[in-house]
Amino acid sequence: MTESHYPRARKRFGQNFLHDQAIIEAIIEVISPDKGEHLVEIGPGRGALTKPLLSRCDHLDVVELDRDLVPLLKQQFAGQPHLTIYEADALKFDYQQLQQNDEKLRVIGNLPYNITTPLLFHLIEQSACIEDMCFMLQREVVERICASPGSKQYGRLSIMLQHQCYAEQMFIVPPEAFDPPPKVESAIIYLQPLSQKKGGDVDRDWLNKLVTVAFSQRRKTIANTLKKLLSLADLEQVGVKPEQRPETVTIEQYVAMARRLEQKQAT
């Protein structure tokens, strides 16, 4: 089975197939798969990463939505007892069902740009079964996820993911590494769920609501954007100055504010 036998990339699935061998090897180096590990690949496409991953790990599950690709993948990797192919929507897939003997999953993939944020949130909800994640994403999204307080990129995505994960941008991937070439640069991101969440535990829904409201009007002060949710006394209690802009408030402070908001709603 060669690439020429595969269908063309579909716009509705946001497909851009990786073909640059040097980039593929660099990604495998970042993942550094080992025997005894259970890997899960989201969106294997034409199998560019699947083949080298199979040679390095004990078991690989792949989740592919495109029903035209699934039979071709099955044909290409026929006779591989350590590979299981699931024809499913990664946004709805239950990754916890793949666990065996309380092992942790290592999740990887070249994620379609159009489902990146909801898919990351879906995975974070199941992070108890995940050891780490390594993804190819749009460079702009990776920079937003890894952003620090005070930067223009810092926002909802930074806070929601860094609250639960260590996040690091590994390297940039140019458009010509794909078929067809996307109009933007991509980047590799490494994410590892934290055993102790940054700022402590808090209900994710309350945190998401608070952060969404805070960044709905970035130019306004935090006291102004959150005035319907928290009082000046509430802000003072968690060490946030009323005149601060949303992008200067730390993750720990957002968690503390969300916890305070949850307490107020419970009374």
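Here are legends for a few close-ups of aromatic ring pairs in a predicted model.

The model is predicted, so local features need pLDDT of at least 70 and side-chain atom pairs pLDDT 80 or more, while totals for chains, interfaces and linings use all residues. Residue numbers run from 1 along each chain as its sequence is written, and side-chain values use heavy atoms, with hydrogens and water left out.

**View 1. Tyr154 meets Phe215 edge-to-face.** Rings of Phe, Tyr and Trp (its six-membered ring) pair if their centres lie within 6.5 Å; planes under 30 degrees apart are stacked, over 60 edge-to-face, and the rest tilted. That rule gives four aromatic pairs. Here the ring centres sit 6.2 Å apart with planes at 75°, so this pair is edge-to-face. Tyr154 is in the loop between α5 (139-146) and α6 (156-162), and Phe215 in the loop between α7 (204-214) and α8 (222-225), so the pair ties together parts 61 residues apart in sequence. Helices are DSSP runs (H or I, at least four residues), numbered from the N terminus.

**View 2. Phe215 also pairs with Tyr254.** With centres 5.9 Å apart and planes at 35°, this pair counts as tilted. Tyr254 belongs to helix α10 (residues 251-266), so its pairing with Phe215 ties together parts 39 residues apart in sequence.

**View 3. How buried are Tyr154, Phe215 and Tyr254?** Buried means under 20% relative accessible area, exposed over 50%, partly exposed in between (1.4 Å probe, protein chains only). Tyr154 is buried at 0%, Phe215 is buried at 12%, and Tyr254 is buried at 0%.

**View 4. A ring cluster.** Tyr86, Phe93 and Tyr95 are linked into a cluster by ring pairs.

Methods: Helices (H or I, at least four residues) and strands (E, at least two) are DSSP runs, numbered from the N terminus.
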